[in-house]
Amino acid sequence: MKYIDTKEFLELSNSIPIIDVRAPLEYENGHIPGAINIPLFSNEEREKIGTTYKHVGKLNAIEEGLNFVGPKMSQMAIRGLKVSKKKSLLVHCWRGGMRSKSMAWLFELMGLHCYVLDGGYKAYRKHGLDEFKNFNRFIILQGATGSGKTYIIKELAKQGDQVIDLEGLANHKGSAFGALGEANQPTTQQFQNNVFEQFDKLDKSKHIWLEGESRTIGKVYLPETLWDVMNTSRVVEINIPQEERVKHLLKDYGKFETTELIESVEKIRKRFGNDKTKICVELLQENKLAEVTKMLLDYYDKAYTFSRDKYKKQKPQQENFDHMNFDIIAKKLLLTAHKA
C-alpha cells in the first residue's frame with residue numbers, strides 16, 4: 001500500500017482503475033470521472049456509525065463498523081479483484097483515512113497492489129479547483145442568444161482547436177429553454193469534476209475555447225476559480241443579425257411540443273412580464289413560432305446587452321457575420337485566435 005498525491009493518482013488512472021469506497025450517496029453527489037464505487041458501508045450503515053461516533057465514541061463506532069463489514073468482506077474483495085488491471089488498484093475515500101486504508105488492506109490480501117489517494121476525494125476536489133487559477137490562455141466565445149455558440153465550439157474542435165463544451169457537460173443550453181431535449185443534469189459537484197477532467201486532458205501551453213456563460217448553467221454552478229479566470233480572459237464576440245438567429249432557433253426548438261415550449265416561456269414570466277407571456281402562449285398555441293422567437297429574442301438581447309460586459313475585464317474583439325455557416329465562422333475565429 002502506497003499513499004500518493006492527487007497529481008500522481010490521476011496520472012496512474014490512465015491505466016489503473018479507481019475504486020471509490022465511499023457510501024453510494026457520497027459517490028452519487030460527486031466522484032472522480034471513471035471511478036468505480038465499491039462502498040465499505042451502505043448509506044444507512046455510514047449514518048449509524050457516524051451517530052455512534054458522535055454520541056458514544058470512536059471505539060464503539062469502529063466495533064459497529066467491523067460488524068457491518070465482516071459479512072461483506074469476501075464479496076468486496078472479489079469485486080476488487082475482478083476490476084483490477086495489472087494487479088493494481090487506486091483507492092480513495094473522503095479524506096484518505098480509515099475507509100480507504102481498510103479497503104486497500106483487504107484488496108492487498110487478494111494479491112493486489114494499492115495506491116491510496118493522500119487526502120482522499122477532498123484533496124482531489126481542491127486540486128481540481130486550484131488548477132484553473134493560474135491558467136491564462138482561455139478564449140471566451142461570446143454572442144447574443146441564438147448565435148450558435150455551442151455549434152461553433154464543436155466546429156472549432158473538429159478543426160483541431162482545444163475546447164471545453166460547458167453546456168454539453170452541464171446537459172443544458174443555458175436559457176429557460178435550455179433543458180429541452182437534454183438528459184438530466186449532473187450534480188454541481190459532478191459537473192465541476194467533469195469540467196476539470198476535460199481541462200486536465202488538454203495542452204496547457206495552448207489556448208482553450210470556452211463559451212461565455214453566467215455563473216450558473218441550468219441548476220449547476222461553474223467552479224468559482226474557473227469563473228474568476230473566465231472574467232479576466234480574452235473575449236471574442238460574434239455578432240449575427242437577429243433574423244439569422246431567428247431561423248437558427250426555429251430549427252433548434254421548432255421540433256419540441258407546444259406544451260414544452262409554453263412551460264419554458266412560463267419560467268421567465270416574472271421578468272418577461274404577464275402581458276408578453278400571455279401573447280407568447282397564444283402565439284405558440286397558434287403555431288406562430290417565428291413571431292414568438294422574435295419576441296423572445298428581443299427580451300434576451302436586452303438582457304445580453306446589460307450583462308455581457310458586467311464581469312469581463314477585457315474588451316471583446318468583435319467578429320461580424322451575416323450568416324450562420326459554422327464551418328466558415330470557425331475558420332475565421334481560428335485565424336483570429338492565432339493572430340494574437
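This passage describes the overall make-up of a predicted protein model and the cavity found within it.

The model is predicted, so local features need pLDDT of at least 70 and side-chain atom pairs count only at pLDDT 80 or more, whereas totals for chains, interfaces and linings use all residues. Residues are numbered from 1 along each chain as its sequence is written, and side-chain values use heavy atoms, with hydrogens and water left out.

The protein chain contains 17 helices and 12 strands, taken as DSSP runs (helices, H or I, at least four residues; strands, E, at least two) numbered from the N terminus. Along the principal axes, its C-alpha atoms fill a box of roughly 70 × 50 × 35 Å. Of the 340 residues, 47% are buried, that is, under 20% relative accessible area with a 1.4 Å probe, protein chains only. Carbon and sulfur atoms account for 51% of an accessible surface of about 17900 Å² (Shrake-Rupley method, 1.4 Å probe).

A cavity is a set of points on a 1 Å grid over the protein atoms alone where a 1.4 Å probe fits but cannot get out; lining residues have an atom within 4 Å of a point. The largest cavity holds about 50 Å³ of space, a volume being the space filled by probe spheres set on the points. Helices α7 (120–131) and α10 (188–201) each supply at least two lining residues, and the largest share, 4 residues, comes from α7. The lining includes Tyr124, Arg125, Gln192 and Pro223.

Note on methods:
1 Å grid on protein atoms, 1.4 Å probe; cavity = no way out; pocket = protein on both sides within 12 Å on 5 of 7 lines; lining within 4 Å. Buried < 20%, exposed > 50% of the residue type's maximum accessible area, 1.4 Å probe, protein only.
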